[in-house]
Amino acid sequence: MTTISSASAAFTGNDPENRLFGPVPDVTGQSGYDTDHPARVGFFTDTSVCIGCKACEVACKEWNTLPMDDSHGVRDVIGLSGMSYDNTGQLGANSWRHVAFIEQARTVDLPMPTFGRPGDDRRGSGPSVAEGDNDGSLAAAQQSSVLNAEALSEFDPQTGQSGTDKQIRWLMSSDVCKHCTHAGCLDVCPTGALFRTEFGTVVVQGDICNGCGYCVPSCPYGVIDQRKGDGRVFKCTMCYDRLTDGLQPACATACPTQSIQFGNLDELQARADARLATLKSQGVETARLYGRDEDDGVGGAGAFFLLLDEPEVYGLPPDPVVTTRDLPSMWRAAAAGAAMIAGVVISSFVGRRPR
């Protein structure tokens with residue numbers, strides 16, 4: 001008989017090395033599944049091709065029948081954030097996918113053709129169409145502009161040049177639950193409402209959740225959330241019901257640019273490594289993988305990302321750590337404190353003269 005545990009293998013005796021963080025060869029098998037279980041699946045989100053269409057958000061809400069909410073998580077309210085085109089705002093109990101819009105700007109020198117505009121302050125910065133005596137001057141100016149734009153493809157908002165033109169870029173990324181290898185939410189759940197599936201994902205069973213909320217602060221990404229008026233917690237299930245029927249998650253199916261890629265986690269990691277190498281070879285030095293490293297604080301994520309800037313720019317923690325990682329040191333410190341107190345008490349009685 002197969003026994004499935006809702007806690008990490010380190011707490012159930014299935015992991016002889018008692019690993020609370022770091023790489024785990026087979027996180028699904030250590031959760032109690034037979035050796036012939038399916039391969040672990042996950043998401044690879046390539047933000048370099050995300051267009052911010054929010055098709056993933058709509059597909060997620062439609063498939064999972066999630067209620068409407070505003071940017072503050074207030075249910076059944078249409079509200080604009082007033083800060084961005086992004087009116088979802090954040091992940092929550094009613095929004096399991098969130099496409100972030102980050103606008104970045106820097107001042108750059110663009111020798112664009114000028115047309116003698118009133119207040120033109122770019123005089124001398126590039127050829128003017130009015131100054132050209134033939135079509136060659138216009139072609140030369142346009143070619144210069146194109147070449148300069150190509151040189152500026154390596155956008156770094158931290159460094160800029162003096163000038164009167166501004167270069168704008170949008171960073172867009174579809175955020176979701178990371179389905180961590182070491183999931184703090186799963187470890188602290190007292191009822192078993194959170195469990196690891198045969199696909200290696202982490203799922204909430206709403207009919208078992210008692211609304212204690214222990215899992216909310218245990219998530220290093222701030223993903224899992226309680227639904228107001230209900231008390232229970234909700235998050236992405238990676239469309240567990242669809243996976244059991246051999247289908248892809250709704251969000252990955254709806255993505256028009258394949259920014260959200262779903263599949264075997266090992267294959268996705270290899271694909272992400274190749275994509276990163278391609279971008280690096282093209283001069284995109286700020287590109288990086290987030291959640292790919294199995295030696296990070298959560299043992300690697302089942303949903304990882306290719307980012308074009310620092311994680312903090314996207315609202316992601318730079319160094320997430322599963323909250324149960326420090327349990328051994330906490331217990332050692334508690335034991336040392338208890339021993340010290342016991343020693344003080346014993347020493348107060350030893351050597352005391354009887355009255």
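## Terms and model

Contact here means heavy atoms within 4.5 Å. The model is predicted, so local features need pLDDT of at least 70 and side-chain atom pairs count only at pLDDT 80 or more, while totals for chains, interfaces and linings use all residues. Residues are numbered from 1 along each chain as its sequence is written, and side-chain values use heavy atoms, leaving out hydrogens and water.

## Helix α8

Let's start with α8, residues 265-281 (helices are DSSP runs of H or I, at least four residues; strands are runs of E, at least two; both are numbered from the N terminus). Buried residues (under 20% relative accessible area, with exposed over 50%; 1.4 Å probe, protein chains only) in α8 are L265, L268, Q269, A272, L276 and L279. They line one face of the helix, because seen down its axis they fall within an arc of 100° (taken from the directions from the helix axis to the C-beta atoms). D266, E267 and S281 are exposed on the other side of α8.

The cover over the buried residues of α8 includes β1 (41-46), β8 (260-264), β9 (288-290) and β10 (303-307).

## Second largest pocket

Helix α8 also gives the most to the lining of the second largest pocket, with three residues. A pocket is an open set of points on a 1 Å grid over the protein atoms alone, where a 1.4 Å probe fits, with protein on both sides within 12 Å along at least five of seven lines; lining residues have an atom within 4 Å of a point. Of the 19 lining residues, V24, P25, R40, L265 and D266 are the closest to the centre of this pocket.
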